[in-house]
Amino acid sequence: MDLRTWRGFFLLGGLVMLTSCESGKFGPPQRIGPPLFLMQENEPRLWFLVKIEERRQRRLGGGRYLIGKWITETHYHFDLHGHDARTTERLWTKRLLSVKDKEGGHNAQGRILGRDGEVVWLFLRNQPIALAARDGSVLADGQALEQGNPALQGVLPKELGFYAFDEGLIVTSADGRRSRVRAPGFAAEPYAPSSDEHFRRVQFMATQWGGGYNTKDFLVRQARLGGRWLGLYTEKEAADAGDDEFGDSLANPSSVFNEGSRARRTFWSARIGKTKEFTEGTHDRLFEVTKVPGAPEFLEAGLLIKQGTQTPLTLENPAGVLVLHRTRLDAEGRLALTRLDESLAEQWKAPLPIVELRNRFELPDRLLIYGALDVTEKSTRSWQELIVAVDLRDGKTQAWNLTLERPAP
């Protein structure tokens, strides 16, 4: 199948024929694989690949008196959604593929693998697909890759597990060789990873990682703010931090005791001095860990980290930090962000429509938060996924419910 035919197949897969004897019911979109954050012409975008189940009923036979029988067919649709990362609004939806259940639709896989320049690589059902980063249009498919690369002809795998992403599409072909395909020419070149561990990681991220983290992965409990050390602790945690004979509490903040769920924390300050003399010398350590008078308290709280680090995200104008915390412990509880200045005075508080933080992306003037909400309706428990844009200047939020496909309050 050539690229033109494949594009036509994509288009036909997006059309549903409606007659008086046919009806369809769609299930909610199920995200498959991680979302992709990308800048396109200086505008931030977030892509999601989703799979939707459709159950169609149609009448066989019939005639004048509508005598016949109804049969049910299940189809699976692969859609790509593009969102504005500043407002969370969905900008476009593209139907990439439709597969009947009896043709393997239920088990068909899909993933966004990664971006290489102006190309985004996906795996879809049984082959890699190259899409244009500007609009999601199809640039190349498996057949095009084979035609342009004799080394891949007849040995391009049809299973996701043979692919990875490392500054380009990585293919482990059926003959055991590894190649990297780069845009825009889609030429395959021999690929040798920097280490076996590195290759295992990039392959795991491309084929198995679900795209989410846990809330605690984005939090720390120490900061340097306004020239002083601050800890966000309970009394027991602060006592453990202050027992810093060897300097571990300061050098390795995660070693400090953590009371876990239901912990109510506030801010503590400390003097930084030196440990006693060891063989290798002295180390910085904490002394006189003392509660900050009048400091606010937070439930299950931590300081939001800067993306890609384990240090707090610090803000300017005014200087300060962000505290991520829970509003309450019961089913009505949600996550919230509170911005504090150097004096620990609240600048704004932004309740979020989620109970778990899965990922977040930094923009100069806002955060794009990707999270989940636990919903129970008619004794049935389910998770809804949302994205939330938080304006760092005033705490105003805009949200989109990915599961319900509509703006969230």
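Mentor: pLDDT is the predictor's confidence in each residue, from 0 to 100, and this is a predicted model in which local features need pLDDT of at least 70, side-chain atom pairs count only at pLDDT 80 or more, and totals for chains, interfaces and linings use all residues. Residues are numbered from 1 along each chain as its sequence is written, and side-chain values use heavy atoms, with hydrogens and water left out.

Trainee: What is the average pLDDT of the chain, and where does pLDDT stay under 50?

Mentor: The chain averages a pLDDT of 91, and 92% of the residues score at least 70. Over residues 11-20, however, pLDDT stays under 50, and the model has 9 contacts (heavy atoms within 4.5 Å) for them beyond four places in sequence.

Trainee: Why are E26 and E27 called paired strands?

Mentor: Strands are DSSP runs of E with at least two residues, numbered from the N terminus, and E26 covers residues 366-377 while E27 covers residues 380-391. Two strands pair if DSSP finds at least two bridges between them, and E26 and E27 have 12, in the antiparallel sense, so they count as paired. One of the bridges joins Gly-371 to Leu-386 in E27, and in the turn of this hairpin, with 2 residues between the strands, Lys-378 has a positive phi of about 55°.

Trainee: What makes E27 and E28 a pair?

Mentor: E27 and E28 (residues 397-401) have 5 antiparallel bridges against the required two, and therefore they pair as well. Ala-389 stands opposite Gln-398 in E28, and in the hairpin of E27 and E28, with 5 residues between the strands, Gly-395 takes a positive phi near 80°.

Methods
Helix = DSSP H or I, 4+ residues; strand = E, 2+ residues; numbered from the N terminus.
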